[in-house]
Amino acid sequence: MAAAAAVSDPLPQLLIVIPAVILACKLGAVLVRRLGQPPVVGEVAVGICLGPSLLGWIWPEGQHALFPAEVLPFVGALGNLGLLAFMFLIGLELDLKLLRGNSRTAIAVSQASVALPLVLGSLLALTMYGTFAPEGVGRTAFVLFIAVSMSITAFPVLARILTDRNLYQTKMGALAMASAAVDDVTAWCLLAAVVAVSTSGSPLEALTTVGLAVGYMAVMLFVVRPLLGRWVSRADRKVSDGAMMVVLFSGLCLSALATEEIGVHALFGAFVFGAMVPRGSQVVERCAARLHAVAVPVLLPLFFVVTGLKTDVGLLAGSAQQWLWALAVLAVAVFGKWGAGSVAARVAGQSWRDSLAIGALMNCRGLTELVVLNIGLGLGVIGPDLFTMLVLMALVTTAMTSPALNWIGVTSPASATDAKAESGSADPGRSRKPAEIG
């Protein structure tokens, strides 16, 4: 009886898994930071190493002992909770004021760096459909998902790189941030449409899902946002941090539930709720910082390891053809984002140096891409082999961003203004937080 109870109770094993994963991801982040990489590169790499690609390959018994099947659903649930908080924080950090003075160029760069990857990704997906589409997946859903996965830019990781290089408030940095913000909104809207198509059994169901999503957005914009605005305007004087935290966390959960029930995905609801919360309130800023302090270093690593457990490089190892497909995915991803972003910035009047730097930054995919890929795998739109290729593409395109900026010759400015921006004194409430998420 005692043995049966021990097996059914996941808590003891979770008390081993959670600190092991957190410490391993922290170590990975520290190591890659020494190489000039954003922490997410190390965290993703650690997640992959803890999966079948390395630990499960060299010591399968050890991997099974660390991650027994009965605790994986709990690890996944905690990781997804951290992911919801992360998406809320991305929405909260999405400051469209970055478009001031950059709106036309930012829109041109962002839409070009979405449009070309969509076209190239669609063409690639059409050639891959017969080989990689899981049984029963329609051509339209498969092609649309691959196309959208090629168009992602990691807004928070991009901000982290710019801040680390003291470029966050330079002209080039502001334009890159503005372009990434518009790209983020566009990509999530496209993903919501793809999920609606993938989960609907008929065109009528897809239209119903889209209609409900439009209604949800209308409620959020014209009901929830004004109510939050009026309440938050009085919050600094009358609302405690604890009460604000309850409202924000409950709101993101309920918004996520609404979009999950609609058929779009829970992460979209968390992102939208974050975008609806008014900025500039000290109590909101404090609560967001506390949520970040728990979600990002403690819960998100569990998402990385769950992703790593689904990633198996061994699926590609025995086949030269598989690696050629993986290289094709990487080539399309890099050419589509970097090429389109650079050309659009140049056409908009930027120098070639700045244009190439903006394109390189738009090519950074980071954690945002992993979120999208896990949605596709969860929906059954892609299989484990293509999932592995796309995860490797996300890791490589993120890791190549900093070396690419070095190659282009983008260095940290030495002016006092930029040094002030780096220290956060120019805007203590907002200037550094986006970078900390990545």
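The second largest cavity of this predicted model holds about 40 Å³ of space. A cavity is here a set of points on a 1 Å grid over the protein atoms alone where a 1.4 Å probe fits but cannot get out; the points are joined across faces, edges and corners, and a volume is the space filled by probe spheres set on them. By this rule, three cavities of 30 Å³ or more are counted. The lining of the second largest cavity, meaning residues with an atom within 4 Å of a point, consists of V40, V41, V44, G366, L370, V391, A394, L395 and T398. Helices α3 (39-49), α18 (366-379) and α19 (384-399) each contribute at least two lining residues, the largest share, four residues, coming from α19. Helices are DSSP runs (H or I, at least four residues), numbered from the N terminus. Seven lining residues are nonpolar, two polar and none charged, with Ala, Val, Leu, Ile, Met, Phe, Trp, Tyr, Cys and Pro taken as nonpolar, Asp, Glu, Lys and Arg as charged, and the others, Gly among them, as polar.

Helices α6 (residues 72-93) and α13 (residues 266-276) pack at about 35°, with axes 6 Å apart. Axes are lines fitted to C-alpha atoms over the stretch in contact, and angles run from 0 to 180 degrees between N-to-C directions. The contact (heavy atoms within 4.5 Å) involves L83, L84, M87, F88, I90, G91 and L92 of α6 and A266, L267, A270, F271, F273, G274 and A275 of α13. Twelve of these residues are nonpolar, two polar and none charged.

Residues are numbered from 1 along each chain as its sequence is written, and side-chain values use heavy atoms, without hydrogens and water. Local features require pLDDT of at least 70 and side-chain atom pairs pLDDT 80 or more, whereas totals for chains, interfaces and linings use all residues.

Notes
On a 1 Å grid over the protein atoms alone, a cavity is a set of points where a 1.4 Å probe fits but cannot get out, and a pocket is an open set with protein on both sides within 12 Å along at least five of seven lines; lining residues have an atom within 4 Å of a point.
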